[in-house]
Amino acid sequence: NKKNKYKNVKFEFADATNLPFADNSFDVSCVSFALHDMLSDIRERALKEMVRITKPKGLIIIVEYALPKNKISRFLVYHFVKLYEGKYYSEFMKSNLNVLLKKLGIEIEREFSVLFGTGRILKGINEGRDVKVRETTTLEILLEKGKEAIKTYLPNVSGDNYGFEEM
């Protein structure tokens, strides 16, 4: 157990779709290799929360998978990563993250290709638009999607009803 040597840094464990911070709390927010593991609804909600807690004109940093430009490398990387990543990876890779970010008020200022094109770092600016955030938690979204989604997100919960009573 290492002690935190930075007095102004604190690590929190929280639901990415319902962060326990006030609006415009941070100059910078970031997410790293997590968006590809989320249902598209949860991904959008998590990004909306990042916009909500980041000050207008603040930085939003996203580190995520990408595919190389070379067709053969692209094919090989996609199919290799798909072997060990969850089932949402394919949908994520086919989606247009940049369009979603723009819709949510994140203006991409710069994009860096890393790891030989298999990853990317997006440096975005919070445009300060008022993005409506639904009061829906990850659990509510999963319940709406059904037991299959719950199984994927909560794989260690045993039993047929995953700890939830039938509704």
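User: What makes the space of about 370 Å³ the second largest pocket, and which residues lie nearest its centre?

Analyst: In this predicted model, the second largest pocket holds about 370 Å³, whereas the largest pocket has a volume of about 730 Å³. A pocket, unlike a cavity, is an open set of points, and a lining residue must have an atom within 4 Å of one of them. The second largest pocket has 18 lining residues, and those nearest its centre are Tyr65, Ala66, Leu67, Glu111 and Arg120.

User: How do you know which elements supply the lining of the second largest pocket, and what is its make-up by class?

Analyst: Helix 3 (88-94), helix 4 (97-103), strand 3 (106-114) and strand 4 (119-126) each supply at least two of the lining residues, and strand 3 gives the most, with three. With Gly counted among the polar residues, the lining of this pocket comprises eight nonpolar, six polar and four charged residues.

User: What is the make-up of the lining of the largest pocket by class, and where does its largest share come from?

Analyst: The largest pocket, at about 730 Å³, is lined by 19 residues, with Glu12, Leu19, Phe21, Cys30 and Ile53 closest to its centre. Its lining has 15 nonpolar residues, one polar and three charged. Strand 1 (26-32) and helix 1 (40-53) each contribute at least two residues to the lining, and the largest share, five residues, comes from strand 1.

User: How does the reach of helix 1 compare with the expected span?

Analyst: The expected span is 1.5 Å times one less than the number of residues. Helix 1, with 14 residues, reaches 20 Å from its first C-alpha to its last, which is close to the 20 Å expected.

User: What makes a set of residues a nonpolar core, and which members touch the most others here?

Analyst: The members must be buried residues of the listed nonpolar kinds, joined through side-chain atoms within 4.5 Å. The largest such core has 26 residues, of which Leu35, Leu47, Ile62, Tyr89, Met93, Leu97 and Leu101 touch the most other members. Helix 1 gives the most to this core, with five residues. Leaving aside neighbours within four places in sequence, Leu47 is in contact with Leu35, Ile62, Leu97, Leu100, Leu101 and Leu104.

Terms used
Residues numbered from 1 in each chain as written. Predicted model: local features only at pLDDT ≥ 70, side-chain atom pairs only at ≥ 80, totals over all residues. Heavy atoms only, no water. 1 Å grid on protein atoms, 1.4 Å probe; cavity = no way out; pocket = protein on both sides within 12 Å on 5 of 7 lines; lining within 4 Å. Points joined across faces, edges and corners; volume = space filled by probe spheres on them. Helix = DSSP H or I, 4+ residues; strand = E, 2+ residues; numbered from the N terminus. Buried < 20%, exposed > 50% of the residue type's maximum accessible area, 1.4 Å probe, protein only. Contact = heavy atoms within 4.5 Å.
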